[in-house]
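Here are my notes on this model, as numbered points. Please read them with the structure open.

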Amino acid sequence: MVKSQTLDRTFSALSDPRRRDILERLQRGPASISELAQPFGISLPGVMKHVRVLEEAKLVTTQKKGRTRECRLGPAQMDEVTMWIERYRKQWDRRLDRLEALIGKKKGDPAR
C-alpha cells in the first residue's frame, strides 16, 4: 500500500506541467521561490502551492535562507516510478512482439 501511495503522490505531482517546469529548472541548481515564479508570471503564493505538492512527493526540498526560501531537487523518488513504468513497458514489448510474430505468420513471412 505504501508503494501505491508514493506512486500516487509522485504521479500527481508530475501531472501538472508547471510543476514539471519547476523540476526542470531545479535540475540546473537551487532557486528561490521568486526565481521560480519569474518565468511563469504567477504569484509567489501560486508557486509555493506547486512547491508544496512537489515537497510532499519528496521531489523537492526547501530550506529557509535568511528572508528567502531556497528550493532544490529532493531525494530521488523517481526510482519507484521508473521501476513501475519499466515493468509495464516490458509487458507491452512482449505483447507487441507476439503480435508482430502473429502478423508475420498470417502474411506467410518465412523470416518470422
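This is a predicted model: local features need pLDDT of at least 70, side-chain atom pairs count only at pLDDT 80 or more; totals for chains, interfaces and linings use all residues.

1. Among contacts in the protein with a separation of 6 or more, 47% are between residues 24 or more positions apart.

2. Fold order. The protein has five helices and three strands. Along the sequence they run α-α-β-α-α-β-β-α. The radius of gyration is 21 Å, well over the 13 Å that the globule rule gives for 112 residues, so the protein is more spread out than a compact globule.

3. Dimensions. The C-alpha trace spans about 70 × 35 × 20 Å along its principal axes.

4. Burial and surface. Of the 112 residues, 27% count as buried. The accessible surface comes to about 8,200 Å². Carbon and sulfur atoms hold 53% of that surface.

5. Core. The largest nonpolar core has 18 residues. Those touching the most other members are L26, L36, V51, L54, L59, V60 and C71. Two or more core residues come from each of α1 (2-14), α2 (17-26), α3 (33-37) and α4 (44-56). The most come from α4, which gives four residues.

6. A core residue in detail. What does L54 contact, leaving aside its neighbours within four places in sequence? The partners are A13, R19, I22, L23, L59 and V60. Of these, L59 and V60 are also listed with L54 among the core residues that touch the most other members.

7. Charge. The protein carries 25 positive and 15 negative charges. Their mean positions are 3 Å apart.

How values were computed:
Residues are numbered from 1 along each chain as its sequence is written. Side-chain values use heavy atoms; hydrogens and water are left out. A nonpolar core is a set of buried Ala, Val, Leu, Ile, Met, Phe, Trp, Tyr and Cys residues joined through side-chain atoms within 4.5 Å. Buried means under 20% relative accessible area, exposed over 50%, partly exposed in between (1.4 Å probe, protein chains only). Contact means heavy atoms within 4.5 Å. The radius of gyration is taken over C-alpha atoms; the globule rule is 2.2 Å times the number of residues to the power 0.38. Accessible areas come from the Shrake-Rupley method with a 1.4 Å probe; for residues, only the protein chains shown count as cover. Lys and Arg count as positive and Asp and Glu as negative; His and the chain ends are not counted. The place of a charge is taken as NZ of Lys, CZ of Arg, CG of Asp or CD of Glu.
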